[in-house]
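Hello,

Here is the structure you were waiting for. Please open it first, then read the notes below.

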Amino acid sequence: DNLGVVAVGFSGGQAKQGVDAAPSALIESGLLRQLREELNYKLHGDDTVHSYADLAPADDAPYRNMKNPKHVSAVTQRLCEQVYAQAREGRMVLTLGGDHSIAIGTVAGTAKAIRERLGREIAVIWVDAHADINTPESSDSGNIHGMPVSFVTGLTKEDNPDYFGWLKEDHMLSLKKLVYIGLRDVDPGEKKILRGERHQGVQHGIGRVMEMALAHIGSDTPIHLSFDVDALDPMWAPSTGTPVRGGLTLREGDYICECVHQTGSLVAVDLVEVNPSLAPEIDTGAHETVRAGCSLVRCALGESLL
Ligand code: DIR
Ligand code: MN
Ligand code: MN
Ligand code: MN
């Protein structure tokens with residue numbers, strides 16, 4: 001099978017350095033080699049890890065409360081084009097982040113390509129401790145990695161192309177086509193936005209959660225899986241910018257990815273927020289988190305026990 005790979009070492013959607021080193025750490029630990037040799041993918045796209053420092057404007061003052069707004073807008077616009085180019089060829093697209101702001105670009109690129117190629121709207125499965133649906137105005141932090149869902153669902157509107165105004169209708173999906181798994185740290189403003197929407201915790205057991213998630217999406221709908229590694233419990237993924245206790249086990253995370261793979265409808269996967277420089281015990285914590293990330297991606301791309 002063909003797989004488009006986009007590696008984006010970008011950290012400007014939040015304040016902590018180090019998340020930019022994740023793609024290289026994942027690749028060095030053998031992820032792409034495994035996809036090639038063990039899962040038999042033919043990889044496309046360039047294998048340089050882009051940091052997009054060249055897209056940083058000289059002046060990037062906050063705008064509507066957003067931090068680094070022009071830089072994140074420019075990077076996600078570029079990413080959207082990269083993902084679109086791969087998805088337009090009918091390839092599954094794997095994006096290795098980077099912080100979760102990059103999903104503005106990846107989801108936008110997938111949505112547009114699938115619309116053009118299949119005439120369909122995508123569904124998004126957002127696996128995360130956080131809802132990432134703040135609007136610039138509802139956000140306390142001003143960090144854009146807490147806002148991507150609000151941009152790709154059209155909840156946040158902006159006309160200026162330097163500040164995400166490049167996002168058009170064909171880059172978006174309706175909130176009805178979004179499913180969350182793993183949420184446990186939702187801001188007050190986000191609760192207001194999500195009030196009335198249905199959502200599932202893991203209190204039903206992960207098997208039932210996946211049944212409900214996939215039933216909600218409906219069979220035959222193209223799926224974009226956006227996996228924030230902080231959905232996992234810090235026991236399995238300590239090296240991440242905003243760890244939250246009480247998360248998924250690695251096995252639950254892998255199971256989510258396996259189920260999504262088995263639908264046969266997966267068109268794109270993001271793995272984000274691995275930050276190898278953050279961990280209580282730096283050598284083991286970072287190593288474990290990178291290993292967990294690799295495992296999630298392999299499961300999403302078809303690795304199974306049997
Ligand atoms: C918080 C944290 N809700 C914010 N979000 C995080 O800044 O908007 N997302 N950490 O992954
Ligand atoms: Mn996130
Ligand atoms: Mn998160
Ligand atoms: Mn398969």
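**The ligand 1 site**

The shell around ligand 1 has no nonpolar, 6 polar and 5 charged residues. Here Ala, Val, Leu, Ile, Met, Phe, Trp, Tyr, Cys and Pro count as nonpolar, Asp, Glu, Lys and Arg as charged, and the others, Gly among them, as polar. This is a predicted model, in which local features need pLDDT of at least 70 and side-chain atom pairs pLDDT 80 or more, while totals for chains, interfaces and linings use all residues. Residues are numbered from 1 along each chain as its sequence is written, chains are lettered from A and ligands numbered from 1 in the order written, and side-chain values use heavy atoms, without hydrogens and water.

The shell consists of H130, D132, N134, S141, H145, G146, D187, E190, D228, D230 and T242 (a heavy atom within 4 Å of the ligand).

- N134, at 3.0 Å
- H130, at 3.2 Å
- D228, at 3.3 Å

On its own, ligand 1 has 320 Å² of accessible area, and the protein covers 91% of that (Shrake-Rupley method, 1.4 Å probe).

**E273**

E273 sits in the loop between β7 and α9 (282-300). Helices (H or I, at least four residues) and strands (E, at least two) are DSSP runs, numbered from the N terminus. E273 counts as buried because its relative accessibility is 3%; buried means under 20%, exposed over 50%, partly exposed in between (1.4 Å probe, protein chains only).

The side chain of E273 makes a polar contact of 2.7 Å with the side chain of H145 (N or O atoms within 3.5 Å, one able to donate a hydrogen and the other to accept it; residues adjacent in sequence count only if both atoms are side-chain atoms). H145 also belongs to the ligand shell. The E273 side chain reaches the backbone nitrogen of H100 at 2.8 Å. Beyond four places in sequence, the contacts of E273 (heavy atoms within 4.5 Å) include V19, G98, D99, D228 and S239.

**Helix α4**

Helix α4 covers residues 103-118. Just after α4, G119 has a positive phi of about 65°.

Best regards

How values were computed:
The expected span of a helix is 1.5 Å times one less than its number of residues.
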